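Me: I would like to go through this model with you and ask, term by term, on what grounds each label is given. Could you set each value against its cut-off?

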Amino acid sequence: MSGASIPYHLRANKAIDRYAFLELLSKIDRYSSIQCYKYIGFGGHSLEDFKYIHSRFGIRNMLSIEEDPDVYKRQKFNQPHNCINCLQQSSSQFIDEFQRIQETIIWLDYVKPSELRKQIEEFQATISKLELLDIIKITVNSHAASYVPSNPSMTSSDLQKDRISYLKAVLGDIFPAAEVKENMMTEKRFPEALHLVLKYAANLAMLGQNDIYFQPLTAFAYADGQQMLTVTGIILEQNEKQGFLAKTNIDKWELSNIDWKSPRRINVPDLTIKERLHIDSRLPNSEAKTIQDELGFLFDNKKSVSLEMLETYVLFYRQSPYFSRIVF
Amino acid sequence: MASENDQKSSTVKASPTKSFFVDMLTRDIELEDAILDLLDNCIDGIQRTIKNSPPSDNPYEKFWAKLTFSSESFTIEDNCGGIPRDVAQDYAFRMGRPNNNVDNDLYTIGTYGIGMKRSIFKMGRASEVISKTEKDSFKVTIYPDWLTDDMNWDLPFELIEPDLKENGTSIKITDLHPSIINAFSSPQSILHNSLVSKISHYYSYIIHKGFTVSINEVKVTPEPLKLLWDGANQIDGQNIAPYLYEMEKDGVEIKLAIGFYRPTASEEEVDDEMAGNRRTSETAGWTIVCNDRVVLYCDKTRLTGWGEEKVPSYHPQFIAISGVVYFRSPDARKLPITTTKRGIDASSDIYLYVKDFMREGLKTFTSYTNKWKGNHVEEKQRAEKAQLVAPSELFARIPDDKWTKVKNKTSKSERKYIPSLPVPEPQNGEVSKKNIRFSRPLKEIKIVADYLFEDSDREPSEVGNECFEKILREAMQ
């Protein structure tokens, strides 16, 4: 279902998002034991996230949904632990039939831009079935050009107009007309727009349940190829927020996003081993700016972008994976 | 004896209580509709201001309304002319409107005189209404105590130094009810988005004609309906065009347009829709506009003729059909609207009369969709050539000789335009066609779609058609 194009281990930014997710879960663990949850996800052929979550938290009740029969067979072959139940089903069929019996973590990891409306409706259907302290993560394609590509005859203003009309037409009554603006229809700001769409969708789905609400926790935009947006939240009781934050310290965590601010961009530079060792040796007690000046070269044409990349790396250096070629 | 007489001639209390108005009336209305009621008053203010101006395409230009809300208060401010002093003193604040109405010859939509008060009571317990007209400025204040005092029905009225920059009204509501504070300020509230979206649909025609509405500083953009048209140069042959109808009767001007706003749905799309994977059916159906204000939006029920007489009920197959009826009259009481101003009075004579033409228009397009069922690829290619045009423009651009007079004694101006829509070829009797139907595993369709179009998401009907075309080209060589 996901990651059909780029192998998982080469997606450095996605890997950081996954580490951030694990860190988030370990914070929630202080409030509600993650070990007692059931984990549901779209494991893909390698069931990578299942491995991490099982080894970190010891969750034993895991379920992977996979539509494609071939990927499903491969998944069965790769099954790393026998506590992972693999189900060959489409996500929509799964959500239609889903009955929540215990605390649940569910990751809806979508890829296809053409099915945005369906994905958001599945997200809504899922959260309205979830209960107190259940955790939901959703990933959607936020690469603006995959929705409406640019073409040479268009001015940038035409392009933005076309994109916003497309979103309005596709999303209909779940389009947040007050918050999503035409100037967000650029590659850089598109994740911001979809983040607001998810906010509105979540709030619409929770209408009528006045005692509980969807509390956002993190929101990241990252690109290893196509830009993706991923948002994680938890179902809380209305008066529980302060207690939850006090115990988990999520509000003090630099990666959290508890009030639907713009998603944080994960775009770490592609470092050589030498660069990485150099930068790591200056951390955690140096600013990104100092390190950039010291290095004397940029990771992007634009100084500001290069600095932003380095700042992101500084934030994530502990979570950033180490990929290296092994010669046998 | 005396006391018996007293009893015979005594009275019972039948005077209204404030709580009747404050609690009962507000139950009938949703918060969003209460806000729209206030916006309707702005529009009525514009009608009063421009009543002597020459007709124009943008009559509402230069007029604006600004709405702001927070956990503390709700404010609506406009430059739509203000409330005349006598109107304010005589009835604007009364519960209901007396018969001698100053707006008798205006294109207003407010007729029952409960809107403003009901909206205020819906939101809070205190308010201040300030108004400035050419002549004077005044302030009316409602205090929380007044709401519980059944004896005192008067409100303090003060003439003040001009407080507003332009002629207009400012209504500020405070001491908000807890549920309203929640709707105005909770991070989980959907009000702002949903209000902007509602106003962009319901005030589309007014905004399109120049009116500016902003909500918490977000300007609302109109979403007017446009319909597919092949253009004036295609009009002599079969062409894609809307069905149009217009007439004037008893001081009510009526214009009706119905057609396609997008290519018709493919079988796959209909199946998806039936399975609950909805796409974009919100825009299908009938929209009714009274004095530029939308009172019914994209209705797909019997109320607008679906499933009546020979018209089929709404079905996703008709997803591309959309229509609009405009009613316009200086006398709001002649318009087919309900007291809430947000619904159609389906039993009114004028509406029942027009409904015949609504059904005729609907039938034209549902039949077209049925005829082309099974030829979707061809129909889509055909429809893609047409342009989206605003209905108001079509009334002007369709040549007079293409219209048909409707036989009716009441109105000379009654006429309709029935498009001659394209018909699939077999029915022309020249080439006979057959459908080819077969099913293949989805995975294989995707492989072929990716091979042919480099897009594995193409609809199966398109993939099938392209396969046939490809082989046909080879075979013909």
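This is a predicted model: local features need pLDDT of at least 70, side-chain atom pairs count only at pLDDT 80 or more; totals for chains, interfaces and linings use all residues.

Me: What makes a residue part of the lining of the second largest pocket?

Reply: On a 1 Å grid over the protein atoms alone, a pocket is an open set of points where a 1.4 Å probe fits, with protein on both sides within 12 Å along at least five of seven lines, and a lining residue has an atom within 4 Å of a point. The second largest pocket has a volume of about 1,400 Å³, a volume being the space filled by probe spheres set on the points, which are joined across faces, edges and corners. Of its 39 lining residues, the closest to the centre are Gly374(B), Ile436(B), Ser461(B), Gly464(B) and Asn465(B). The largest share, nine residues, comes from H14(B), a helix being a DSSP run (H or I, at least four residues; strands are E, at least two) numbered from the N terminus.

Me: Why is Asp175(B) called partly exposed, and why is Glu309(B) called exposed?

Reply: Buried means under 20% relative accessible area, exposed over 50%, and partly exposed in between (1.4 Å probe, protein chains only). Asp175(B) has 40% relative accessibility and therefore counts as partly exposed, whereas Glu309(B), with a relative accessible area of 65%, is exposed. Asp175(B) is placed in strand S6 (residues 168-176) of chain B, and its phi is near 50°, a positive value in a residue other than glycine. Glu309(B), in the loop between strand S13 (293-299) and strand S14 (321-328) of chain B, has a positive phi of about 45° although it is not a glycine.

Me: On what value does the label of Asn267(A) rest?

Reply: Asn267(A) has a relative accessible area of 24% and is therefore partly exposed. Asn267(A) lies in the loop between strand S8 (264-266) and H10 of chain A. Leaving aside neighbours within four places in sequence, Asn267(A) is in contact (heavy atoms within 4.5 Å) with Asn13(A), Met309(A) and Thr312(A).

Me: What makes the set that includes Phe123(A) and Met123(B) a nonpolar core?

Reply: A nonpolar core is a set of buried Ala, Val, Leu, Ile, Met, Phe, Trp, Tyr and Cys residues joined through side-chain atoms within 4.5 Å. The largest such core has 121 residues, and Phe123(A) and Met123(B) are among those with the most contacts inside it. The largest share of this core, nine residues, comes from helix H8 (residues 190-205) of chain A. Apart from it lies another core, of 54 residues, among them Ile59(A), Ile84(A), Phe220(A) and Leu310(A). Leaving aside neighbours within four places in sequence, Met123(B) is in contact with residues including Leu31(B), Phe74(B), His177(B) and Phe184(B).

Technical notes. Residues are numbered from 1 along each chain as its sequence is written. Chains are lettered from A and ligands numbered from 1 in the order in which they are written. Side-chain values use heavy atoms; hydrogens and water are left out.
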